[in-house]
Amino acid sequence: MVYADDIILVTSSAIVLQNALEISQRELENLDMSINAKKTCCLRTGRRANARCARIVTLNGTLGLLQWSDELRYLGVHVVRSSRFKISLDKPRRSFYRAANSKQRFW
């Protein structure tokens, strides 16, 4: 799924993810774009969400290994590692209450 400059790859396995990442990286290079490995992470959901995952490496290892994460943020939605698809509203809720309870008034 693509939205502006944000991309999310959804695959059935780590091996397919590795292949999809390589294909995506080649296409981005054709567009004179690249992946920022520091802002990129992998997350696993499903029955084997807690199982150890294969290492995902960027094309030719130029950017290094991608980190496996317990949570990722895509378009403001926090997706959490779980046996079922799950999102977290904790951070947006905290941000909302912090803004609502700040001493700064906008009216």
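These questions and answers walk through a predicted model, from its salt bridges to its surface.

The model is predicted: local features need pLDDT of at least 70, side-chain atom pairs count only at pLDDT 80 or more, and totals for chains, interfaces and linings use all residues. Residues are numbered from 1 along each chain as its sequence is written, and side-chain values use heavy atoms, with hydrogens and water left out.

Trainee: How many salt bridges does a search of the whole structure find?

Mentor: Side chains of opposite charge can pair when their charged atoms come close. Here a salt bridge is a side-chain nitrogen of Lys or Arg within 4 Å of a carboxyl oxygen of Asp or Glu. Searching the whole structure gives a count of three.

Trainee: Which side chain meets D70 in a salt bridge?

Mentor: Start with D70, in the loop between β5 (65-68) and β6 (71-74). Strands are DSSP runs of E, at least two residues, and helices are runs of H or I, at least four, numbered from the N terminus. The partner sits eleven residues away, in the loop between β7 and β8. At 2.9 Å, N to O, the partner is R81.

Trainee: Is D70 buried, partly exposed or exposed?

Mentor: Buried means under 20% relative accessible area, exposed over 50%, and partly exposed in between (1.4 Å probe, protein chains only). D70 has a relative accessible area of 48%, so D70 is partly exposed.

Trainee: How far apart in sequence are the parts that E71 and K91 tie together?

Mentor: E71 and K91 form a salt bridge, with their closest N and O atoms 3.7 Å apart. E71 lies in strand β6 and K91 in helix α2 (residues 90-100), so the parts tied together are apart by 20 residues.

Trainee: What separates D90 and R93 in helix α2?

Mentor: D90 forms a salt bridge with R93, the closest N and O atoms being 3.7 Å apart. Both residues belong to helix α2. Because they are three residues apart there, the separation is about one helical turn.

Trainee: How many disulfides does the count come to?

Mentor: A disulfide is a pair of cysteine sulfur atoms within 2.5 Å. By this rule the count is zero. C41 is in no disulfide, and its nearest cysteine sulfur, that of C42, is 6.8 Å away. C42 is in no disulfide either, with the sulfur of C41 nearest, and the disulfide count stays at zero.

Trainee: Which residues is A54 in contact with, leaving aside neighbours within four places in sequence?

Mentor: A54 lies in the loop between β3 (41-42) and β4 (56-57). The C-alpha atoms of A54 and A14 are separated by 6.2 Å, although the two are 40 residues apart along the chain. Contact means heavy atoms within 4.5 Å. With those neighbours set aside, the contacts of A54 are A14 and W68.
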